[in-house]
Amino acid sequence: MHWGDLFERADEYRTDAATIRETLADRRATADEEDADA
Amino acid sequence: MPETDPARIVADADVLAADVLVGGAAREAMDAIRSHSWVELVASRHLLDDAEAVIRSLGDANLAAAWRERIEELRVEVEHPRGDHPALASAYQGQAAHVLSYDEDLRSAEASAAFGSRLNTSVKTPEGFAALFDPESLYEAVEGGEYPGPDRDPRE
């Protein structure tokens with residue numbers, strides 16, 4: 001899939017940078033907890 | 001201090017996901033990389049895993065898989081231990097001159113502590129990078145000669 005097609009596909013999920021930051025922070029916090037538990 | 005390569009760039013997972021799901025400055029910054037074969041995106045597996053997870057979470061699994069396939073063709077792979085910050089460690093391992101991130105902490109204390117005096121890398125917002133990116137002078141510095149213009153279609 002070309003980048004242009006990929007961006008067209010992604011249009012239906014359009015969001016904002018703050019939501020992305022929050023989602024990434026949650027994922028990294030979970031990974032840190034898993035590392036601490038290991 | 002190790003030399004950094006001004007044509008090597010790390011985009012943190014938030015910027016990689018925003019390229020797909022937001023557009024705007026993140027896409028403009030990534031287009032600068034996609035448009036020039038001599039500008040390199042440096043990324044570890046851990047960094048791409050983070051971005052793929054965000055795209056899957058806010059989009060869907062097929063979109064995330066398609067993105068992973070495309071970004072794997074674009075990136076220069078580096079490795080670092082799990083547990084290191086993926087963007088900072090990718091920059092360090094790949095000697096990248098720029099890290100793009102929306103994370104304010106990364107742009108201040110954390111980055112200074114992580115890099116110390118070991119690497120001359122700057123952390124910028126995509127907006128800051130897009131505003132400062134000057135392909136003419138960068139081409140002259142890293143490749144030599146007159147800038148021939150973009151050599152790749154950023155939408156292919």
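**Core, strands and contact in a predicted model**

Author: This is a predicted model. Its largest nonpolar core has 48 residues, and those with the most contacts inside it are Ile9(B), Val10(B), Ala17(B), Leu21(B), Val54(B) and Ile55(B).

Reader: What makes this a nonpolar core?

Author: A nonpolar core takes buried residues such as Ala, Val, Leu and Ile, joined through C-beta atoms within 7 Å. Ile9(B), Ala17(B) and Leu21(B) are among the residues with the most contacts inside this one.

Reader: Which residues is Ile55(B) in contact with, neighbours within four places in sequence aside?

Author: Ala17(B), Val20(B), Leu21(B), Leu63(B), Ala64(B) and Trp67(B). To count as a contact, the C-beta atoms have to lie within 7 Å.

Reader: Why is strand 2 of chain B called largely enclosed?

Author: Because four of its five residues, in the run 40-44, are buried. Buried here takes 20 or more other C-beta atoms within 10 Å.

Reader: How do you know that strand 2 of chain B pairs with strand 1 and with strand 3?

Author: Pairing needs at least two bridges. Strand 1 (residues 5-11) has two bridges to strand 2, running parallel, and Ile9(B) has Leu41(B) as its bridge partner there. Between strand 2 and strand 3 (residues 75-78) there are four bridges, again parallel; Ser44(B) is partnered by Val78(B).

Reader: And what does each chain put into the contact?

Author: Chain B gives 24 residues and chain A 21 residues. On the chain B side, helix 1 (13-21), helix 3 (45-58) and helix 4 (61-74) each give two or more, with helix 1 supplying the largest share, six residues. By class, that side has 14 nonpolar, three polar and seven charged residues.

Note on methods:
Residues numbered from 1 in each chain as written. Chains lettered and ligands numbered in written order. Predicted model: local features only at pLDDT ≥ 70, side-chain atom pairs only at ≥ 80, totals over all residues. Buried ≥ 20, exposed ≤ 12 C-beta atoms within 10 Å, placed from the backbone. Contact = placed C-beta atoms within 7 Å. Nonpolar A, V, L, I, M, F, W, Y, C, P; charged D, E, K, R; others polar.
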